[in-house]
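Morning, everyone. I'll take a few minutes on one structure. Please have a look at it first.

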Amino acid sequence: ITRTMLARVQAAESQLESATREASDLREKLEEARDNARRDPLTGLPNRRAFEEAFADATGKNEAICIAVCDIDKFKLVNDGFGHAGGDRVLKAIADVLVDQCSDRLVARYGGEEFVVLFTGLDLASAQEMLDSARQIVGRKRYRLRETDAPLGEVTFSAGLTAAGPGEPVSEAFVRADALLYAAKADGRNCLKIG
């Protein structure tokens, strides 16, 4: 009877160990799926959902918040002239510059050729300095098509930057920054409007 009981206990322990391993694997896969749901597959940047969650988190901490909406100028001409592969490389290049120049800030791909930057703990002037540095670097760079070395021409972006009020919803701050972006586009592109 004792041997039988020991065998049953060992079998139960083995099953428990196997179930624990399986549960751990499932938790890792779930976490990976959650991360993928918040990440843009092309640029590797956080996506709109991650941006909105980070904004809500910062609002809950009563931090100073500024948001920028950036849009690549005349991006359709890049796609039409050099194909989507060329356009994809431009998107990645601009994403890299934004991440580099807006260090320690959340840079996200909002959709299409549009990026957003969440500046927390910074005033509007400091956020403007970081973003304008990125804009100038992108404008000075000379992009070429990798396969043929043909020049892509000038690639620039325009942006709207605004400070969010205490407790202001992301939708309201975004609409204001987006309106500033369109004012920058109307003012000749390759510029930054703040408000």
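Let's start with the aromatic residues. Phe51, Phe55, Tyr110 and Phe174 form one aromatic cluster. Keep in mind that this is a predicted model.

How many aromatic pairs does the structure hold? Three. I'll go through two of them.

A quick reminder on the terms. A pair of aromatic rings is described by the distance of the centres and the angle of the planes.

Take Phe51 and Tyr110. Their pair is edge-to-face, with 6.2 Å from centre to centre and 80° between the planes. Where do the two residues lie? Phe51 is in helix H2, residues 48-60, and Tyr110 is in strand E2, residues 106-111. So this pair ties together parts that are 59 residues apart in sequence. Phe51 has 0% relative accessibility, so Phe51 counts as buried. Tyr110 is at 14%, and the cut-off for buried is under 20%, so Tyr110 counts as buried too.

Now Tyr110 and Phe174. Here the ring centres are 4.4 Å apart and the planes sit at 20°. Planes under 30 degrees apart count as stacked, so that is what we call this pair. Tyr110 and Phe174 are both buried.

Last stop, the surface. Glu22, Asp25, Glu28 and Glu32 gather there in a patch of negative charge. One of them, Glu32, lies in helix H1, residues 2-37. Is Glu32 buried or exposed? Exposed, because its relative accessibility is 52%.

That's my tour. Thank you.

Methods. Residues numbered from 1 in each chain as written. Predicted model: local features only at pLDDT ≥ 70, side-chain atom pairs only at ≥ 80, totals over all residues. Heavy atoms only, no water. Patch = residues over 30% accessible without salt bridge, like charges linked within 9 Å, V, L, I, M, F, W, Y side chains within 5 Å. Areas by Shrake-Rupley, 256 points an atom, 1.4 Å probe, with all protein chains shown as cover. Salt bridge = Lys/Arg side-chain N within 4 Å of Asp/Glu carboxyl O. Lys, Arg positive; Asp, Glu negative; His and termini not counted. Charge placed at Lys NZ, Arg CZ, Asp CG, Glu CD. Helix = DSSP H or I, 4+ residues; strand = E, 2+ residues; numbered from the N terminus. Buried < 20%, exposed > 50% of the residue type's maximum accessible area, 1.4 Å probe, protein only. Phe/Tyr/Trp six-rings, centres within 6.5 Å; stacked < 30°, edge-to-face > 60°.
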